[in-house]
Amino acid sequence: MARLELEGRSIDIDDLVIAGWTGRDVDALHRHIEELKAIGVQPPSKVPLYYRVGAALLTQADRIQVVGDDTSGEAEPVLVGTPDRLWVAVGADHTDRKLEAYGVAHSKQVCPKVLGRSAWRFEEVEPHWDELILRSFIEEDGRKVPYQEGLLAGMRPPRDLIAGWRGDKRLPSGVVMFCGTLPAIGGIRSSTRFDMEIEDPVLHRTLSHAYTIEALPVVS
């Protein structure tokens, strides 16, 4: 179990689901599969694919620790189910890329999953969901560099992702679902800092969060 703080309320989370391979554009999805295949990740058995991850891995910290230098973040829209409504936040499926080549499901379990502290009510953005813009940045040579950017129209609609998991378009209370990501600009790579955001150009607001990454030594 994990406890989150969203918009001034404490939320207990029992289940964490990461929806993978969620691209709506078949060509873009193929490019992402090839991007990961280039670093040794086997193609999925079906799309989308739902990975169950330990809820205790959820964190809203601004600093995480990982083992080794082969990890990287992926910015994602995140849905949070509560008793009275569905919330939208921005998160990062931080992943061990070396272990990912062994097995994606295994790699999901070894790094924290970072979530921002602010959220929007889903019903406020559902009518213009496709117009929301997802971005991330990494630090390279002391500079903030664009790492991902694109419209959420590039991914499957959230209601479809929820229904694809259990056949119901309502996300149960206490469940967090990561909804997929966009290809990396310039290829997947590690960094000591990861910034992420979702911009709402219709209601003129932005969800954002950033965290630093400390790579612990690999010893044997």
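Which strand pairs with β13 (residues 133-140) in the antiparallel sense over six bridges? Select β16 (residues 193-200): that's the partner. Here, strands are DSSP runs of E with at least two residues, helices are runs of H or I with at least four, and both are numbered from the N terminus; two strands pair if DSSP finds at least two bridges between them. Zoom in on Ser136, and you'll find it opposite Met196 in β16.

A word on what's loaded: this is a predicted model, with local features needing pLDDT of at least 70 and side-chain atom pairs counting only at pLDDT 80 or more, while totals for chains, interfaces and linings use all residues. Residues are numbered from 1 along each chain as its sequence is written, and side-chain values use heavy atoms, leaving out hydrogens and water.

Now widen the selection to the five-stranded open sheet, ordered β6-β17-β16-β13-β14 with mixed pairing. Its edges are β6 (63-67) and β14 (143-151), each pairing on one side only.

Next stop: β4 (residues 49-53), where four of five residues are buried (under 20% relative accessible area; exposed is over 50%, partly exposed in between, with a 1.4 Å probe and protein chains only). β4 pairs with β3 (residues 15-20) in the antiparallel sense over five bridges, and Leu49 in β4 is the bridge partner of Gly20. Step back to Pro48, in the loop between α1 (26-37) and β4: the peptide bond from Val47 to Pro48 is cis, with omega near -10°.

Finally, pick Trp21, in the loop between β3 and α1. Its phi is near 60°, positive in a residue other than glycine, and Trp21 is buried at 8% relative accessible area.
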